[in-house]
Amino acid sequence: MGAPATATLPKPISLYQTNREQGRPARRVFVSYCLHRTNRSSTSRLDISLDAQKLVEEFDPKIPIEKALTPPSSWYTHPSFLALEFDRVFSRGWQAVGYTDQIKEPHDFFTGRLGSVQYVVCRDDNGKLHAFHNVCRHHASILASGFGKKSCFVCPYHGWTYGLDGALLKATRTTRIEDFSVNEFGLIPVKVATWGPFVLLNLAKGIPVQNEPASDAVDNEWLGEASEILSTNRIDSSLDYICRREYTIKCNWKVFCDNYLDGGYHVPYAHKGLAHGLKLDSYSTTIFEKVSIQSCEGGKTESADDYARLGSKALYAFMYPNFMINRYGPWMDTNLVLPLGANKCQVVFDYFLDASLEDDKSFIERSLEDSERVQIEDIVLCEGVQKGLESPAYSSGR
C-alpha cells in the first residue's frame, strides 16, 4: 500500500511548499510563515537579528514546487531562528491553548506558557471569559499555576491581589507611594476567543482587547475557508473530555509538524499497526491558507474493536502553526506542539470521546494504548530526524 498520489490545492499555497517527487506520494514541507512576514517590507527586516535574516534568506520560496528543496537544516537548529519564530509566528494571529471544559464555570482558570509569554485564562464572577499575562504588575512574579478554581489571583511574593476581571483589588504597603493608582495597575489583558471546544489566544501587540470577538471573525482569521469543512465534520463541543498526555521530544517543533503533514507517506513504514486499519490508497490532502486537511477511509480489520476505534473515515486537520485535530470513529484527539528550545518541544495530547462510550473503560484503555504506541513510534522518528538535521552531512532535502 502507498500513501496518497495527489494533493488537492483549492487556492495558492502561502504556508506550505508541496514537493512532488516522481514515483512518490505528495509530501508537504512545512515552511515557517515568518518568511512571508519578514519579507513583506524592508522596514520589517530591521528589527530582527542579522543571524536570523541570513537564515531566512537561505530559502527561496519562489522556486517552483517541482524543483523545491526542503527548508535548510539551520531553520531547525539555530536559536536565533526560533527567536524569530516566537516574534513572527507565535506572537501574531490566533493560537489554540486549551479547551472550553477547562473554563466552563465562573472562577475556573488555567495557565500556560508560549515562549516568554506566561498567560492565564479564566471566567470572572459573571462567567465572562478573560485572558491575561500571568505576571504581577509589582515585581513580575508569576501569579497562578496549573488549573482549577480561584475567586481572585493573589501574588505569592507580596500579596497584591487581582480580580478575575484583571482589576487590581489590593496593593499592600503602597499608601506612601506617590502618583500611584490601582486603576492603572491591573493585569495586562490578552485577546481571547473560543471556536467549537477550543480556547484561542492572540498574543499580537497593539491590538485592542475588548469583548470576545464575533465567531465569524475568529472563523476567518484562524481557519479561513476551512472553517465550514471542519465545523461539518464533527469538530464540535459535543464530545466528553477523557484525559491529557504530554510528551517532551528532543526535536525542533517543526520536525513534529512536518511528520504530521507528510500525507501518510511514512505510515506504512513506521506505523504498521495503524496502516492495517486504514485504506491508504484513499488518502487525500487539501491545503488551504492556514489549514491542511488529510482524510482517509477506514479499512477492514480482524478486530471489531479496531474498526470501532478508527471508524469508517479518519480526518486529520492541521491549523497553522502548531495545532492538530484528529477525528476518527467516536474519538477526537488534539495535539498542541510547544517549542521548548531549538531542539526540544512538548506535545500536549487531549482526548475526547463520544458520550455513549464514556463508561466503557476497557474500550478507552485499549484505544489509549493504541494511540500511545503510535506516539512512541513518532517520537523515535522525530528524534532521529533532529539528529540528522544537526549532522554536517545534511543541509536540505527534496
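**A colleague's note on the predicted model**

1. To start with the overall make-up, the protein has 10 helices and 19 strands. Helices (H or I, at least four residues) and strands (E, at least two) are DSSP runs, numbered from the N terminus. This is a predicted model, in which local features need pLDDT of at least 70 and side-chain atom pairs count only at pLDDT 80 or more, while totals for chains, interfaces and linings use all residues. Residues are numbered from 1 along each chain as its sequence is written, and side-chain values use heavy atoms, with hydrogens and water left out.

2. Of the 398 residues in the protein, 51% are buried; buried means under 20% relative accessible area, exposed over 50%, and partly exposed in between (1.4 Å probe, protein chains only). Taking contacts (heavy atoms within 4.5 Å) with a separation of 6 or more, 60% are between residues 24 or more positions apart.

3. The largest nonpolar core holds 89 residues, and V121 and W222 touch the most other members. A nonpolar core here is a set of buried Ala, Val, Leu, Ile, Met, Phe, Trp, Tyr and Cys residues joined through side-chain atoms within 4.5 Å. Leaving aside residues up to four places away in sequence, V121 touches I103, D108, F109, F110, L129, H130, A131, V192, V199 and L201. There is also a second, separate core of 15 residues, including V120, F153, C155 and L187.

4. Helix α6 deserves a look on your screen. N252 caps the N-terminal end of α6, with a side-chain oxygen 2.9 Å from the backbone nitrogen of K254.

5. D262 is buried, with a relative accessible area of 8%. The side chain of D262 makes a polar contact with the side chain of H266 at 2.9 Å. A polar contact is a pair of N or O atoms within 3.5 Å; within protein, one must be able to donate a hydrogen and the other to accept it, and residues adjacent in sequence count only if both atoms are side-chain atoms.

6. On a 1 Å grid over the protein atoms alone, a cavity is a set of points where a 1.4 Å probe fits but cannot get out, and lining residues have an atom within 4 Å of a point.

7. The largest cavity is lined by 25 residues, with Y260, L274, Y316, V374 and D378 nearest its centre. α10 gives the largest share of this lining, four residues. The lining divides into 11 nonpolar, 10 polar and four charged residues; Ala, Val, Leu, Ile, Met, Phe, Trp, Tyr, Cys and Pro count as nonpolar, Asp, Glu, Lys and Arg as charged, and the others, Gly among them, as polar.

8. Finally, some backbone details. A cis peptide bond, with omega about 5°, joins Y320 and P321, and P321 sits in the loop between β16 (313–319) and β17. A140, although not a glycine, has a positive phi of about 70°; A140 is exposed, with a relative accessible area of 52%.

Conventions. On a 1 Å grid over the protein atoms alone, a cavity is a set of points where a 1.4 Å probe fits but cannot get out, and a pocket is an open set with protein on both sides within 12 Å along at least five of seven lines; lining residues have an atom within 4 Å of a point.
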